[in-house]
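Let's take a friendly walk through one protein model. Keep the sequence and the 3D view open as you read.

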Amino acid sequence: MSARRPNRPHFSAGLDRRQFLAAGGTGLLAAGLPGASQFADAAAGIPSKSSPSRSRQMSTGAKKKIPIGVFDPVYDTLSLDQMLDKVSALGLEAMEIGTGGYPGANHCPLDELYNDSAKSKAWAKKFDDRGLRVATLSCHGNPVHPDPKHAARDQEIFKKTVQLAERIGVKVIVGFSGCPGGSPTDTQPNWITYRWPEEYNQMLQWQWKEKVVPYWKEAAKFAREHGIHRLAFEMHPNFVVYNPRTLLRLREAVGEEIGANCDLSHLFWQGCDPVEVIHFLGKQGMIYHAHMKDTVLYPENVARYGVLNFVFEKEDLPLASDAFRAVGYGHGASTWKAILQAYMDIGYDGILSIENEDPILSGEVGVERAAYVLKNIRNEILGT
């Protein structure tokens, strides 16, 4: 593996923006793991089948500065004040805060805040005092889980999150669509993506008709009654909404409250073109939030094992087809420049929320690297 590693420019905070985009984009990749050279070519602007968006014409219209923020679970060992000091020192401008569900509620005591005006205002003021905006509240759970206790817990978290958002003026709730069982007697979720044999199609239709659509119709109505009109779903494997088509299906069944948390890391490995997705969803007014997280694909292992061979741990990377990386370490700077350009082109009015699940650049390090990449690219586009 190391014998195939080409020489890479060293990542340095001393590079100016043009040097970064010309040279750094080829180095912010997969630390020499399988297939990095092909992605280096794409980052350097060399056309390839895997990078169709690189050759597209960029818009020359006026550009709006999109705030860069971070999703707070990466700071789970820090207190609220410690985290805010850390984020403020990075020069970030906004935050996405978890209120429960799978990412937890490390910095948001939801039960204390959602129905107490004084406490919620004091909590929000801590962000304001550091020049940070609470842009979204996130409750990534499974409110249609076949275990009634699990479902009830996540449904209650959603309702309290909506009420807290109403109280502090947050307009976007981020989460998952959830996944039910495949029948009324199932005790665990059943993620169905292929409709044959016929019993799988029957289960899939039952899931949507009996569980998913009825729940989200009521949940969207509750949100609407509390002034929340943007429910941003992360298109994520193991949930019924996992790609743009399934997101559209839910929106058509429920209403315009349903939109995207456009986390491209879950779409890269599915073969989606990021710019195409942004324009496709953006033209329909469906992008309510955006996670900034990258995915690296290793062509040799994709060829051997296919794209579903995803890994999460550093020690598993030699056999990985794909894995999460910090922004710029799966796809180069030119790809991410096209992505930010696309968000500006559609008039996206949310934030760019860094989420770090990088097995190599873990924790705060990945956030710092992603912030560096995003700020340099944003400045380059804006000419600042």
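Predicted model: local features only at pLDDT ≥ 70, side-chain atom pairs only at ≥ 80, totals over all residues.

As a reminder, a disulfide is a covalent bond between the sulfur atoms of two cysteines. Two of the cysteines here are worth a look, and the table gives their values.

| Cysteine | Relative accessibility | Class |
|---|---|---|
| Cys108 | 2% | buried |
| Cys139 | 10% | buried |

Why do Cys108 and Cys139 count as buried? Buried means under 20% relative accessible area, and Cys108 has 2% while Cys139 has 10%.

The structure holds 2 cavities of 30 Å³ or more, and the largest cavity contains about 110 Å³ of space. Its lining is made up of 13 residues, and those nearest the centre are Cys139, Phe158, Gly175, Phe176 and Trp216. Helix H6 (148-168), strand S4 (172-175) and strand S5 (230-234) each give two or more residues to this lining. What kinds of residues are they? The lining divides into 10 nonpolar, 2 polar and 1 charged.

Now turn to strand S8, residues 294-297. In a regular strand the side chains alternate between the two faces of the sheet. Are the residues of S8 buried or exposed? Asp294 and Val296 on one side are buried, and so are Thr295 and Leu297 on the other, leaving both faces covered. S8 pairs with strand S10 (residues 322-325) in the antiparallel sense, over 4 bridges. Among the residues of S10, Ala323 is the bridge partner of Val296.

Notes
Residues numbered from 1 in each chain as written. Heavy atoms only, no water. 1 Å grid on protein atoms, 1.4 Å probe; cavity = no way out; pocket = protein on both sides within 12 Å on 5 of 7 lines; lining within 4 Å. Points joined across faces, edges and corners; volume = space filled by probe spheres on them. Nonpolar A, V, L, I, M, F, W, Y, C, P; charged D, E, K, R; others polar. Buried < 20%, exposed > 50% of the residue type's maximum accessible area, 1.4 Å probe, protein only. Pairing = 2+ DSSP bridges.
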